[in-house]
Amino acid sequence: MARKEPLLSALKEPAWGFRRRDYWHWLEQLPTGTSGRPTPLSISIRRAGGCERTRTAQGRGRYFLRLALQGKVLAVAVRQLAQTPRLLEFYDPGSSILGSEDLREPFLSLLLVLTEIDFSLDLQNCSFLDESWLLPVCCTYETVPCRALGMVLRYVDGRVFVTKVLPESQAEVDEVVLAGDILDEINGCSLRYACPGQVGGDRGLGGPPVLPPCSPLLPPPSLQAGAVLQSLKGQPLSFRLLRWRWHNGAVFEPLLPYLKALKEKEPQFQLQHSPRHRGEGEPRQLQGGRLLYNLRYLGQTSVGTFGGKEVLEGAIPAVLERDLAAREVLFDVKEAEVLVQEKASSKLLCRHPYPSISCVGRCTWSPRIFAFCVVSSPESPDGSTFDCLVFASSSEQECEEIIGRIGKGRVCGFSYLQSHRGIPGILFWSSTCRI
């Protein structure tokens, strides 16, 4: 074992045995240098010691190793250890590589070879290092501001689990979050060791009442995630998710104890394997030989006298935040105009000739939601005013198809559609091509 795990093997236990020694205990005691300026090594050690997602010496040591590999300072750490006799006493010279001078130098040579390798590690993925070297699959979920995201949460030993994604909610429309996933971070703020009330009380994430924790939590961090959510009200949210499913398709092994505790408290809980596709398998309706799109009309808002591309960035979130009841509609992209009919009654709700459409686009953070602006009062004494209409499609591909067809318009030259460059977060079309 001493030959396989040089940093861990043959660590001498303290005389009184108050705590088990770990290589982190000597790492945090390494000299910081004589110049008084931070070095790459001291920065890595300080970063590992201050990580909010790790609390044990084992977790911080593992996090440091990842930082050291990426920052090419692991050999520097071992070299400083060799030059600090009081820290070398951590290792038994007769049975460890680091404690034996004859073995330490060849090992250090191998570490120097590692500095020639460029590591690209996800250093944010560290919430399970206290428990395991295995790391979960991570992804980012960005969503528009709205009153109800539709995620039911349960707190298990300081982790925030999604136990249900509500039907017809924003979270289900976005098709990112699955029941069983963990919310690890909100807009850069860690939720590790969070407890009820710190994620916004009973409606902090816009869902039904948040359930009580499954088991006692470790002391919460000083950062109040609920306060952060309040400060972000009305702004786009970015969640870092830890997936319950690992790379091989099986359950991420370190999650098994958590899922067992969750199942004991919520017997009806089931891991969600894939998003529930709204209208999956539902055939498109035909009208006059043309296929119609089954969409949800989410609402509209006035954007004033300017109908350019820039207004979509604020208009789409403004409509979604109202949380109005969506209407099932049939959307017909014709050769010269767009028609919107109520699905249940086939009543015509609106028609917009292409010359009246000033811009069309979708949000990159919610790829199945799109919007377009239309002239609402072209003969107003104060100039034309515009409305923004927002719709949700059943798939990202369908959304792209609709935007493309409206953008091209089957005609040349739009009266109000301007040639432009895109702005972050919104995708647009001009009269001839996508910019």
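At roughly what angle do the axes of helix H4 and helix H6 cross? In this predicted model, where local features need pLDDT of at least 70, side-chain atom pairs count only at pLDDT 80 or more, while totals for chains, interfaces and linings use all residues. Residues are numbered from 1 along each chain as its sequence is written, and side-chain values use heavy atoms, leaving out hydrogens and water.

The chain holds 11 helices and 16 strands (DSSP runs numbered from the N terminus: H or I over at least four residues for helices, E over at least two for strands). Of its 435 residues, 48% count as buried, meaning under 20% relative accessible area with a 1.4 Å probe and protein chains only, against over 50% for exposed and in between for partly exposed.

Back to the two helices: the axes of H4 (residues 74-82) and H6 (residues 101-114) cross at roughly 160° and come within 8 Å. Axes here are lines fitted to C-alpha atoms over the stretch in contact, with angles from 0 to 180 degrees between N-to-C directions. H4 and H6 are therefore roughly antiparallel (angles over 145 degrees). On the H4 side, the contact (heavy atoms within 4.5 Å) involves Leu74, Ala75, Val78, Arg79 and Ala82, and the H6 partners include Phe107 and Leu108.

Helix H9 (residues 256-265) has its own pattern, with Tyr258, Leu259, Ala261 and Leu262 buried. They sit on the same side of H9, because they cover an arc of only 160° around the axis, taken from the directions from the helix axis to the C-beta atoms. Pro257, Lys260 and Glu264, on the other side, are exposed. Strands S2 (151-156) and S3 (159-165) are among what covers the buried residues of H9.

Methods: Parallel < 35°, antiparallel > 145°, perpendicular 65-115°, else oblique.
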